[in-house]
Amino acid sequence: MNLKPFNTLGLPARAQELIEIKSLEQLKKLSSTLTNKPRVILGEGSNVVVHSPIDAPILINRLKGKTLAADGLVTAAAGENWHELVIWSLNQGFGGLENLALIPGSVGAAPVQNIGAYGVELKDLLIDLSAWDFSTHSEVTFTREDCGFGYRDSIFKNQSIQGSWDCPRYMITSVRFGLKPVGTYEPNISYRDLSEKLKTLDQKPTPMDVAQAVMDIRSQKLPNPKQIGNVGSFFKNPVISSVQAKNLAVLYPDLPHYPIESNQDDTCKIPAAWLIEKCGFKGVRRGDVGVHEKHALVLVNYGDGTGREIVSLAQEIQASVVARFGIFLEPEPVFMPALSG
Ligand code: NAP
């Protein structure tokens, strides 16, 4: 079985077996047969780099269904498409997720890395989630606090809780969000690209206007994974001390930096795309993979690229950014198999 159609980078890799999970009953039956055995969980494959054969069954989350209560409580099964959920909830008259429009992937994958865009993070709206626990063979609930959300991070990325990539303890089955009726709040348009895009409107932007603006900006800047394989941002924006940022700003006066929300440690965030571009990687090509010409944070597969080529390009970029700025870029996607060292 070739995984190429099952990951948005379009990387080829052999997998032992694919099992589509369509119901909790099916998961329950399967769970006992997989105790202590290797298994890999996949949603829409929009945040993974497969680079070698995978000797484990791949469980694809196809759990479906979404409901909305009168008070704005939305429950969505993990196999639902994220963007469709955003637009569906807006069409029902409830907002909050608009800044997260057009992010590729499934609902179940969204909490794993606490997806975020244009000043809104998933954790801002999430109430709780349900997950299948492969060690107790039952469904458990995690409140927002239990999820340990951080910048593009959650406990589901923490190996000491979730286990290894090929023997994960939890599979997210559904997520609940608390949304607000459209018209009762002002959407967040603090990011410059967004406010610029919306300034031509002659009335205050509605959440649907914001979603449309986000879709327009993303479609202009980011390659569509259906046309050119990619996983969106390949690296997290690094967080460095304000002292290090000040020192770097002496050498690079145009260094962009943004304060961190709960800034108790006096740190700031530097756009990874800026660092990569300064190192000359924007638009470079290595074989059939490369760095997108419009966005230096997006690594792409032009068609016949391999996972090994992507890994090698990512490592070349990391080495170059460390050498020039002394900053380590941490990848956002999950490597399958995990990279050692
Ligand atoms: P951008 O607007 O060119 O800004 C570059 C970076 O600077 C962003 O990554 C953003 O950090 C940060 N930034 C910009 N304005 C900021 C502000 N007012 N306050 C705090 N931080 C600010 O970024 P872009 O690449 O076009 O992306 C726009 C948004 O979409 C960003 O939020 C980005 O994270 C999100 N996005 C996510 C993915 C993904 O795959 N995860 C892919 C593309 C874009 P933050 O990233 O922390 O917001």
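Colleague: Which residue in E11 is the bridge partner of Asp133?

Modeller: This is a predicted model, in which local features need pLDDT of at least 70 and side-chain atom pairs count only at pLDDT 80 or more, while totals for chains, interfaces and linings use all residues. Residues are numbered from 1 along each chain as its sequence is written, and side-chain values use heavy atoms, with hydrogens and water left out. E10 and E11 (residues 138–143) run antiparallel and are joined by six bridges; strands are DSSP runs of at least two residues (E) and helices of at least four (H or I), numbered from the N terminus, and two strands pair if DSSP finds at least two bridges between them. In E11, Asp133 is bridged to Ser138.

Colleague: Which residue takes a positive phi in the hairpin of E10 and E11?

Modeller: Four residues lie between the two strands of this hairpin. A positive phi, near 55 degrees, is taken there by His137.

Colleague: Which residue of E12 is the bridge partner of Asp128?

Modeller: Strand E10 (residues 126–133) has seven of its eight residues buried, where buried means under 20% relative accessible area, exposed over 50% and partly exposed in between (1.4 Å probe, protein chains only). E10 also pairs with strand E12 (residues 170–178), antiparallel and over seven bridges. In E12, the partner of Asp128 is Arg176.

Colleague: In what order do the strands of the open sheet with E15 lie?

Modeller: Three strands form this sheet, and their pairing is antiparallel. The edge strands, each pairing on one side only, are E15 (239–241) and E16 (258–259). E15 is joined to E17 (residues 267–269) by three bridges, and Ser241 has Thr267 as its bridge partner in E17. The order is E15-E17-E16.

Colleague: Which side chain places an N or O atom 2.8 Å from an oxygen atom of the ligand?

Modeller: The ligand is surrounded by 18 residues (near means a heavy atom within 4 Å), and Arg152, Tyr191, Lys221, Lys269 and His295 are the closest. Polar contacts are pairs of N or O atoms within 3.5 Å; within protein, one must be able to donate a hydrogen and the other to accept it, and residues adjacent in sequence count only if both atoms are side-chain atoms. The side chain at 2.8 Å is that of Asn237.

Colleague: What percentage of the ligand's exposed area does the protein bury?

Modeller: Taken alone, the ligand exposes 790 Å², by the Shrake-Rupley method with a 1.4 Å probe. Of that area, the protein buries 82%.

Colleague: How many disulfides does the structure hold?

Modeller: A disulfide is a covalent bond between the sulfur atoms of two cysteines; the criterion here is a pair of cysteine sulfur atoms within 2.5 Å. The number in this structure is zero.

Colleague: How far away is the cysteine sulfur nearest to Cys268?

Modeller: Cys268 is in no disulfide, and the nearest cysteine sulfur is that of Cys279. Cys268 is buried, with a relative accessible area of 5%. The sulfur of Cys279 is away by 17 Å.

Colleague: Which residue's backbone nitrogen does the side chain of His83 reach?

Modeller: His83 lies in helix H2 (residues 82–91) and counts as buried at 17% relative accessibility. At 2.7 Å, its side chain reaches the backbone nitrogen of Leu102.
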